[in-house]
Amino acid sequence: MFEEYIVNGVYDEMFGVTGTPRSHYASVASRLTELGPDALARRRRMADIAFRNQGITFTVYSDQVGVEKIFPFDIVPRIIPADEWSHIEKGLMQRITALNHFCHDIYHQQRILKEGIIEPELIYGAKMFRREMLGVDVPKNIYIHICGTDLIRDSDGRYLVLEDNGRTPSGVSYVMENRAVMRRIFPQLFGSYRVRGIEDYPYNLLQTLRHCAPAHADDPTIAILTPGVYNSAYFEHSFLARQMGVALVEGRDLVVDNSFVYMRTTSGLRRVDVVYRRVDDDFLDPLCFKPDSVLGVAGLMNAYRTGNVTLANAAGTGVADDKAIYPFVPDMIKFYLSEEPILPNVPTYICARDSDRSYVLDNLDKLVVKSTNESGGYGMLMGHQSSTKERAAFADKIKSDPRNFIAQPIVQLSQHPSMIDNCFEGRRIDLRPYILFGEKPIVMPGGLTRVALRKGSLVVNSSQGGGSKDTWVLEEDEVEASGL
Amino acid sequence: MSVMPDKSLRVPVVLELPVGASARPVLARDADATYWMSRYVERAEHVARLLMVNGDASLDVADLGSDILESHWKSVLKIMAVDGPAASEMPLPESIIQYMAFDYENPNSLIRCLTRARENARGIREVISTEMWEQLNMLYWSIRGDEAAAIFRESPEQLYQQIITGSMLFQGLTDQTLVHGQRWFFAQLGKYFERIIFTTRILKNKFEMLRDGEYANDAPLANIQWLAALRTCGSEESYRRTYLGDLDAINIAQFLILEQRFPRSIRYCVRQAHRSIAAIRAAVRSHTVDPTERILGRLDAQLEYASPADLMNSDLPKYLTGIFDNIAAAAIAVQRSFFLH
């Protein structure tokens, strides 16, 4: 089944340069070959049916009824050895710690601006910078409680950070469902590896949310705020509420009275202490942000600033995952922690800087240009795949609003075998691990491996035809761990 | 406080307080969605059974002429209180079947009921059990999936049966996987309201049909209709065991309305609805009487002490209308007390 497999000059996760499987992939490769195309196709159907029956779907509205689709799931697991993972884990902990320092600093003393590490224009020009948060103290000084950081591997196999998602990162429910399905369809293969469990994520999330409850709440009431059933991530909101046993509320279920937040129950109003909000800042509170938002709760920000309710993540964290601030994260690590960054960034040109901008405009065909405030693979230009006309249009956009753009060299993401029709082909992947920051940072072992299922594509977002696969982080070797 | 020994159907005066973790509040929107999820599943089951029984009975009336056959099918629309299909080339029976099974414009079609049930369940996915959700999802796909139309062409009965069994399974899972707390009681309330409403409509329809229509004074035809009424209420076998096969209109009415041991009779359903609302009220505000509870309590008592003479022919429709109006008022009172504030 791997006879036709091509390793085309990029880093291949499964096969080394000699064309033989890397040691940690050996048994997956042989097992998949052994099973053969029919058995694999059968297992893939089993997985699809499991996803459909559990309602793990998203809806595409083309008519009144809507078509429900499952997220494409690739049955070939990605495997990360223990030593690679411990490097990643340390890097991610360091990063979330620095980002939390940064948020606190930006909304208080602004030392990093005063000492000239970051140009103030970049901060004040960030769309997600919230003046409303200046001088506001949040519990335990934690801003980013939940972070999803996107990692990629370059052609040497080095892990690089592509971006941090410090607002409302999604996808963790797919990680858990992918795992549940893999255990069901490949019990033997799964059992033959010592894969680290991820099942305690909801518990850790709950502890994280409890940790940052307002001081008045001994036994805090926690709720997840969702935009509602039509939101594309609704499955995840409901999944997390179910796993943690907390209420899942919509804006209309909440009401603010005397700067406390309450939910409407069958027995009247009940106070809510911690809101894990999956609604963007802009829609949180019509009195503070977008006045026409119906997803939020009027008065929520006031209750928040008074300290009567905790929001996770805090309002205003968008300033830390702005793509034009991202290049400074290594500097933040040095500045706040006096440490050397463990995970490097992808080199980035900030179009707001004159020298960077002229370089970007001269080299558009070799760069990826991204809008600083968009995500999901929207608003970007893949230089090498674009036409002259597209490049010219993008150049105009950059010139008219330089603050809104950054550019990066095209990184050849690593590839991994995917099951395409009935054989294996290499497809580009990335990795989004999830980091919690409560009493201490906790990194979920693994994360969401997203796959660009379109041949040759470098864009892994689900809105752009991406799928996902299960990610196995291996336990440390027992012999090594016991020091023998 | 002393509690009377349980006389099986007596409404408990004092509801036991939960031991262990204190019950957590239930979001008003969740209660609303649970209630409607349950109603729509129950409704789908009734529609499926109605179509199945009617399809079967139409084989018996078909040779009596197209008028009788048409009125036989039109009664389905009347029972479900829907307008009926847009004019089409199709023969009336087929167009009514299509309309009741697959038409999205019809608020009581199978596909609409199951879609609404699932939409409600999706909104409360985190508070119902995984088993319930997956069962409801499968039920939904049994009519939405690609294979549904093919199954239906080949044998409509197979699809109806799938839905009936699917609904029963869902109700069993609800009973066995959900904590019997407020949410479960809201699900019970929805289910029993729906069942009472349906049974009163069936009975009223059959009674009026036999009194006014072509069927008057035609014993074999009347038998077909009464048998259909029993089967549509899922009660044929139980009735026959109780009355040894005698299809007497008054006996049937008595069985479907007053039989206290049968879970599809109106009296049984009212009793359960009354218990459910009493439990909800006790959990929410223990020292008041809720308007819904008052309506259901009165109705419960009325049925408890009803005399079979109340059901004599001339009074039956009035009697059924009385029950129906009470349930309609109770349904509105539930919304007011628990869902909208």
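Start with A:Asp253 and B:Arg29, whose side chains form a salt bridge at 2.6 Å, N to O (a side-chain nitrogen of Lys or Arg within 4 Å of a carboxyl oxygen of Asp or Glu). By that rule, two salt bridges cross the interface of chain A and chain B. This is a predicted model, with pLDDT of at least 70 needed for local features and 80 or more for side-chain atom pairs, while totals for chains, interfaces and linings use all residues. Residues are numbered from 1 along each chain as its sequence is written, chains are lettered from A in the order written, and side-chain values use heavy atoms, without hydrogens and water.

How many residues does the contact take from each chain? Chain A gives 28 and chain B gives 31, counting heavy atoms within 4.5 Å as contact. About 2,600 Å² is buried between the chains, 49% of it from carbon and sulfur atoms; buried area here is the accessible area (1.4 Å probe) that two parts lose on being put together, summed over both. A:Arg52, A:Arg242 and A:Thr266 supply 25% of what chain A buries against chain B, more than any other three residues.

Now the sheet. Four strands of chain A make an open, parallel sheet in the order β7-β6-β11-β12; strands are DSSP runs of E, at least two residues, numbered from the N terminus, and two strands pair if DSSP finds at least two bridges between them. At the edges sit β7 (247-249) and β12 (310-312) of chain A, each pairing on one side only. Strand β6 (222-225) of chain A joins β7(A) over three parallel bridges, and A:Ile224 stands opposite A:Leu248 in β7(A).
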